[in-house]
Amino acid sequence: MAAIDRQPAWLTVFLDFPASEFDAGTRFWAGATGYPLSPFRGAHDEFATLLPPAGEAYLKLQRLGDGPTRLHLDLHVPDPFAAAEAAEASGAELLEESPHGYFVMRSPAGFTYCLVKLCGTSVPGPVLWPDGHRSRVSRFCLDVPRKQYAAEVRFFQELLGGRWREVEEPETALRPGRDWALDVRLQPAEIVSEVTSHLHILTDDLAAEVERLEDLGARRRALRTGKAILEVPGGTALCVVAREAAELA
């Protein structure tokens, strides 16, 4: 199978919460996105999907038995088995081969993701809020320990394919989403020993979006030029990034 056939046609982010934080996390993200929640599913009603009014779903929730709040990615590929073999050859570790046809993998730096079957690929548009501003969860960001950063970038470039943008200041590697609902961004982290991840919301009115999210329970950590860093239920970070209205279309 050609390499391009192993590369994902769609990305889904799972917001994974321990049982004690699942209800609060679910309420926050339903409010933050403006998307209705699907019926719960799974053997223990542990899964739900945030359903955009148009376009393919790309944000899902999972209640964990234990462990910290975290994010993981599902990569939707034509052949999960072939994609898992290719990822192993590039340095990933196979954690689980499910009888349901998906594969749980760990990247060289320790980030967990799944390889799953294809789904639709229609990108949702931004939400228009009552005050007239717009926003959408539009980027998935990995913070990689500095000593593992270069190798992790090479791994993800091969895993995701496509055209990447790399800049020196601030140092990042960005894979624009194009036909996905999410960009993927990797950046080096200087003071952490484990890879972590968070989401970015892009908006055409930074102040209004931050106020809206604070009303839902987010707490402001820092405000920088064109960006606010928030802490959301579960203790994870969320960046709110100002963008021109045309960039949200």
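Arg-212 touches Gly-31, Ala-32, Trp-129, His-133 and Ser-135, leaving aside residues up to four places away in sequence (a contact means heavy atoms within 4.5 Å). This is a predicted model, in which local features need pLDDT of at least 70 and side-chain atom pairs count only at pLDDT 80 or more, while totals for chains, interfaces and linings use all residues. Residues are numbered from 1 along each chain as its sequence is written, and side-chain values use heavy atoms, with hydrogens and water left out.

Arg-212 sits in helix α5, residues 206-215 (helices are DSSP runs of H or I with at least four residues, strands are runs of E with at least two, and both are numbered from the N terminus). With a relative accessible area of 13%, Arg-212 is buried (buried is under 20% relative accessible area, exposed is over 50%, and partly exposed is in between, using a 1.4 Å probe and protein chains only). A polar atom of the Arg-212 side chain lies 2.9 Å from the backbone oxygen of Gly-31.

Now to helix α2, residues 19-33. Phe-22, Gly-25, Thr-26, Phe-28, Trp-29, Ala-32 and Thr-33 are buried in α2.

As for the rings, the structure holds 8 aromatic pairs (rings of Phe, Tyr and Trp, the last by its six-membered ring, pair if their centres lie within 6.5 Å; planes under 30 degrees apart are stacked, over 60 edge-to-face, and the rest tilted). Phe-14 and Phe-47 pair edge-to-face, 6.2 Å centre to centre with 80 degrees between the planes. This pair links distant parts of the chain, with Phe-14 in strand β1 (residues 10-18) and Phe-47 in strand β2 (residues 47-50), 33 residues apart. Phe-14 is buried at 8% relative accessible area, whereas Phe-47 is partly exposed at 23%. Phe-28 and Trp-29 also pair edge-to-face, at 5.3 Å and 90 degrees.

Notes:
A polar contact is a pair of N or O atoms within 3.5 Å; within protein, one must be able to donate a hydrogen and the other to accept it, and residues adjacent in sequence count only if both atoms are side-chain atoms. The expected span of a helix is 1.5 Å times one less than its number of residues.
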